[in-house]
Amino acid sequence: MATAIIETAEDQITCTICFEIFEEPKALPCLHTFCRECIKRFITEKKIQTGDRKGYVCPICRRHVSVPANVRNNPEVWADQLENNHVVSTMIDAYKTPRRKTTETCADHPEKELEFFCADHAQFICSLCFLKHRRCADVITREEARSNINKTKKMSSSNSTKANCVKQHMDLLFEQCNSIEHLIDKRRNTLESLSKSEQLVRDDIISMRKRINELLNKHEEKALTRLAKIKTKNYAKLEKDKRKLEKCLEKSQLSLERIQKMVDKKQNIDDNFIDAVQSEYKSTKLMIEEAEKKNTQEMIAFIMNPVIKNFVAKFDCFGKLHIQEDAAKAKNTKEKSAEETEDATRKRTQASDQSLIQSHKENPVQEVKLRFQGKPSWITGIAILPSGKLLLIDHTNEAVSVFSISLDFLCKTNIHPAPYDVASISSTQDHVMMSIPDTRELMKCDVLQDGFVEVDRKLKTNIACKAVASDEEHVAVCSSSDLQLFETDGEVWMNTLEESYARTKFTYLTLISSKKKVFITDQTYPDPHIRCLDFDGTTLWKVAEGRIGFCTGICVTGSQLMVTSWDSGKIFTLSLNGDDLKTYNDCDVSFPWNLHVSSRQKIVCVSQHKNTLSEEDKRTIKILHIA
């Protein structure tokens with residue numbers, strides 16, 4: 001380090017014309033400094049070349065230096081008019097003052113000084129390292145090496161002085177050519193960017209129209225289905241009332257005909273008959289009064305959603321078009337448009353699984369980073385969807401980010417209140433269930449083709465649900481001490497289990513419907529463990545192994561469980577019976593929190609969390625390849 005400082009000081013007190021230490025340093029107005037004789041000789045040569053009587057230019061920055069009018073005819077004294085550079089003179093005095101000799105030591109042998117120089121390897125070595133370099137062709141002492149360097153500098157100095165003027169002109173011309181080429185490249189890139197941005201904006205507008213059409217078609221179908229149900233229900237009720245009234249009318253007409261015949265034939269009307277007619281009349285009258293009370297002027301009305309009504313009233317264009325002149329903003333706009341374009345998304349999602357698996361083989365550990373969103377991230381939910389998309393929940397920033405099968409960013413959706421965990425609930429479609437602890441709800445969502453997360457409906461729970469797991473037939477959800485289990489037929493969700501446990505700190509869970517088992521990680525201190533429950537809530541077994549420590553994420557892969565150890569930074573596997581515990585991978589993951597396994601894509605995704613981790617590590621997902 002001391003040698004580097006000395007060499008830097010030498011550069012500061014060396015004249016750029018003669019390459020020697022300044023003699024009578026003179027400073028130009030531009031603050032560049034030269035020896036008095038050097039600048040005097042330079043001025044005289046330039047005066048002869050250019051014939052400029054008003055001044056001269058700086059040999060370095062080419063800035064013009066004017067001279068007083070009284071000495072313009074005598075260029076030999078122009079250099080004497082310059083100010084002495086006292087700062088540089090002070091530095092020269094300090095440099096020439098004898099100082100204590102510093103030595104440099106060998107990196108491999110700190111107790112040894114660097115006494116030799118190996119020209120073959122271009123490095124200084126000590127006496128011990130000399131033995132390793134004994135077969136090198138050119139190993140000399142340090143002093144000889146320094147002497148050779150000084151000789152080389154002197155030779156180059158004399159040659160460079162002669163070619164200095166030509167070199168300066170060549171440098172100026174090269175710089176000018178480079179500037180012109182740079183401007184041409186900028187114009188060419190601008191032309192390409194203009195064409196590309198036009199296509200991106202066109203695709204963006206078409207994609208927006210498609211998304212709006214898909215959304216309208218979906219809600220139109222729901223509304224028409226609901227309309228048909230309402231009509232069928234009310235139509236059947238009115239049709240039933242109509243049939244009752246028609247029967248009453250038929251009875252009343254029949255009684256009237258019978259009485260009329262008896263009157264026409266002048267028959268004697270029996271008292272029992274009259275009583276029966278009166279009783280029938282009274283019951284029919286009551287029915288008529290009830291029917292009259294009912295509102296028979298029913299019709300179906302439609303009240304438009306005020307959000308849509310306002311949107312239609314205010315909608316006048318897709319957006320504004322303009323030329324983005326600022327390069328940085330144009331670049332950001334282009335990247336954002338490219339990410340949200342449906343056509344680009346479709347091309348990325350069509351990447352084959354085989355090419356992705358090959359990529360993982362070449363890079364056993366990959367990383368996916370969320371964008372910084374204002375607060376340190378906490379990735380609590382991970383899911384790999386049937387389409388191959390990767391979904392991540394950032395609980396702190398209330399954000400759900402979706403990546404394509406090739407791990408390119410697609411879209412970010414903000415959801416409030418913040419979701420915590422996510423589970424895929426379909427093997428063919430990108431439907432997921434998210435847990436919302438603050439509102440004690442499960443939220444069913446659809447992940448669209450472009451990565452946008454659309455909320456469908458909500459399922460109320462009785463606990464502050466955090467972790468959630470599903471295998472299509474059942475959904476399990478837990479808080480720190482409670483467990484709920486739901487069963488579904490695809491439309492209706494029914495609560496089949498609700499159990500509370502004492503002295504627990506449940507973290508994550510997974511389940512297997514075919515075996516009717518739920519597996520939960522429990523961080524209860526001082527006895528953290530993995531727990532297995534049946535669908536009745538009964539504990540079947542526990543595994544409290546010192547190697548695991550505080551277990552966090554857990555999932556099923558094939559016929560075994562995979563679990564992360566938060567404090568050891570490892571991933572373990574064990575059988576579904578709780579035995580055969582093995583270390584799966586000493587992965588390079590700091591404080592692993594949650595994990596998700598995709599058997600189809602043969603990858604394991606692991607998130608990281610601890611307050612002392614860096615902001616970048618907190619928003620980074622590690623992706624490991626399954627052998």
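**Figure 1. Ile60 is partly exposed, with a relative accessible area of 42%.** The view is taken from a predicted model. Ile60 belongs to the loop that runs between strand S3 (55-57) and strand S4 (64-66). Apart from residues up to four places away in sequence, Ile60 touches Thr16, His32 and Phe34. Ile17 and Ile60 are separated by 43 residues in sequence, while their C-alpha atoms are 9.6 Å apart in space.

Figure 2. The protein chain has 627 residues, and buried residues make up 36% of them. Its accessible surface comes to about 38,900 Å². Carbon and sulfur atoms account for 53% of that surface. Of the contacts between residues at least 6 apart in sequence, 45% join residues at least 24 apart. The structure holds 21 salt bridges.

**Figure 3. Lys240, Arg243, Lys244, Lys247 and Lys251 form a positive surface patch.** One of these residues, Arg243, is located in helix H5, which covers residues 142-264. The relative accessible area of Arg243 is 43%, and this residue is therefore classed as partly exposed.

**Figure 4. Glu113, Glu115, Glu143 and Glu144 form a negative surface patch.** Within this group, Glu113 is placed in the loop between helix H3 (86-96) and strand S6 (116-118). Glu113 has a relative accessible area of 40% and is therefore counted as partly exposed.

**Figure 5. A cis peptide bond links His416 to Pro417.** The omega angle of this bond is about -5°. Pro417 sits in the loop that connects strand S13 (409-414) with strand S14 (422-424).

**Figure 6. The peptide bond from Tyr525 to Pro526 is cis.** Here omega is near 5°. The proline of this pair, Pro526, is in the loop between strand S23 (517-522) and strand S24 (529-534).

**Figure 7. Glu398 has a positive phi value although it is a residue other than glycine.** The phi angle of Glu398 is near 55°. Glu398 is part of the loop between strand S11 (390-394) and strand S12 (399-403). With a relative accessible area of 26%, Glu398 is partly exposed.

**Figure 8. Arg440 is a residue other than glycine with a positive phi, near 55°.** The loop between strand S15 (431-436) and strand S16 (441-447) contains Arg440. Arg440 counts as partly exposed because its relative accessibility is 40%.

**Figure 9. Ser479 is a buried residue in a loop between two strands.** The strands on either side of this loop are S19 (474-478) and S20 (482-488). The relative accessibility of Ser479 is 7%, so the residue counts as buried. When neighbours within four places in sequence are left aside, Ser479 is in contact with Ile463, Ala464 and Phe506.

**Figure 10. Arg36 and Glu37 are joined by a salt bridge between their side chains.** The distance from N to O is 2.8 Å. Arg36 is buried at 17% relative accessibility, whereas Glu37 is partly exposed at 43%.

**Figure 11. Glu367 and Lys369 form a salt bridge.** Their closest N and O atoms are 3.3 Å apart. Both partners are partly exposed: Glu367 has a relative accessible area of 42%, and Lys369 has one of 35%.

**Figure 12. Arg619 forms a salt bridge with Glu615.** A distance of 2.4 Å separates the closest N and O atoms of the pair. Arg619 is buried, with a relative accessible area of 15%, whereas Glu615 is partly exposed, with a value of 28%.

**Figure 13. A network of salt bridges links Lys218, Lys222, Lys444, Asp446, Glu454 and Asp456.** Lysine side chains in the network are those of Lys218, Lys222 and Lys444.

Terms used
Residues are numbered from 1 along each chain as its sequence is written. This is a predicted model: local features need pLDDT of at least 70, side-chain atom pairs count only at pLDDT 80 or more; totals for chains, interfaces and linings use all residues. Side-chain values use heavy atoms; hydrogens and water are left out. Buried means under 20% relative accessible area, exposed over 50%, partly exposed in between (1.4 Å probe, protein chains only). Contact means heavy atoms within 4.5 Å. Accessible areas come from the Shrake-Rupley method with a 1.4 Å probe; for residues, only the protein chains shown count as cover. Patches are made of residues with over 30% relative accessible area and no salt bridge: like charges are joined within 9 Å, nonpolar side chains (Val, Leu, Ile, Met, Phe, Trp, Tyr) within 5 Å. A salt bridge is a side-chain nitrogen of Lys or Arg within 4 Å of a carboxyl oxygen of Asp or Glu. Lys and Arg count as positive and Asp and Glu as negative; His and the chain ends are not counted. The place of a charge is taken as NZ of Lys, CZ of Arg, CG of Asp or CD of Glu. Helices (H or I, at least four residues) and strands (E, at least two) are DSSP runs, numbered from the N terminus.
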